[in-house]
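Please examine the predicted model shown here. The discussion takes the form of questions and answers.

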2 protein chains.
Amino acid sequence: MFVIVVYDTAVERNGTVLKICRQYLHHVQRSVFEGNLSPAQLLRFRRRIEDVIDRSYDHVLIYTLPPGADAVRESLGAGWAAPTDII
Amino acid sequence: MFVIVVYDTAVERNGTVLKICRQYLHHVQRSVFEGNLSPAQLLRFRRRIEDVIDRSYDHVLIYTLPPGADAVRESLGAGWAAPTDII
């Protein structure tokens, strides 16, 4: 499934959330990641994010598209050269 | 078509971009909007955004899903009560 993640977290937790996202998804904008995840990978990703965020302050959105559906991504302005690799 | 917009713009332009987004889409996180747009609405929205951003600095991502496809949005942490109305 194609997944888009956008996070709005406290500065002190940005690095931790970024590190987890980079292990599963491609970095396409400051706090935006995208990529294809299996249901099992999505479950593990969600759990790891929930373990590190402060649920009373941080906010993470996970958009999941139906299997087989792909989103077209348009970049206006100073876009990034290319999505980063998953590390 | 279901559209997700994420912007990363200079502080001085945030208000202008926010105002345009609120006329077309629902506000779901600080710099994230979503909603259904017709191709004509998307064209107008894109043009208005391009007119106000500094293309050398600001970055706006527009994800467009295939017609009829809907994304499931999950909110982890301090999510907003509900998406705002379009004004």
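Q: How many residues of chain A are in contact with chain B, and what area is buried between chain A and chain B?
A: On the side of chain B, 38 residues take part, and they meet 38 residues of chain A. Carbon and sulfur atoms give 55% of the buried area. The area buried between the two chains is about 3,100 Å².

Q: Which three residues supply more than any other three of the area that chain A buries against chain B?
A: The leading three residues together supply 24% of the area that chain A buries against chain B. They are Tyr63(A), Glu74(A) and Leu76(A).

Q: Which side chain of chain B meets Arg46(A) in a salt bridge?
A: Between chain A and chain B the count is 4 salt bridges. In one salt bridge, the N to O distance from Arg46(A) to its partner is 2.6 Å. That partner is Glu74(B).

Q: Are helices H1(B) and H2(B) roughly parallel or antiparallel to each other?
A: Helix H1 (residues 11–24) of chain B packs against helix H2 (residues 39–52) of chain B at an angle of about 170°, and their axes lie 10 Å apart. Angles over 145 degrees count as roughly antiparallel. H1(B) and H2(B) are therefore roughly antiparallel.

Q: How many nonpolar residues does the contact of H1(B) with H2(B) have?
A: Residues of H1(B) including Val17(B) and Ile20(B) meet residues of H2(B), among them Phe45(B) and Ile49(B). The contact also has 3 polar and 3 charged residues. Its nonpolar residues number 7.

How values were computed. Residues numbered from 1 in each chain as written. Chains lettered and ligands numbered in written order. Predicted model: local features only at pLDDT ≥ 70, side-chain atom pairs only at ≥ 80, totals over all residues. Heavy atoms only, no water. Axes fitted to C-alpha atoms, helices over the stretch in contact; angles between N-to-C directions. Helix = DSSP H or I, 4+ residues; strand = E, 2+ residues; numbered from the N terminus. Parallel < 35°, antiparallel > 145°, perpendicular 65-115°, else oblique. Contact = heavy atoms within 4.5 Å. Nonpolar A, V, L, I, M, F, W, Y, C, P; charged D, E, K, R; others polar. Buried area = accessible area lost by both parts, 1.4 Å probe.
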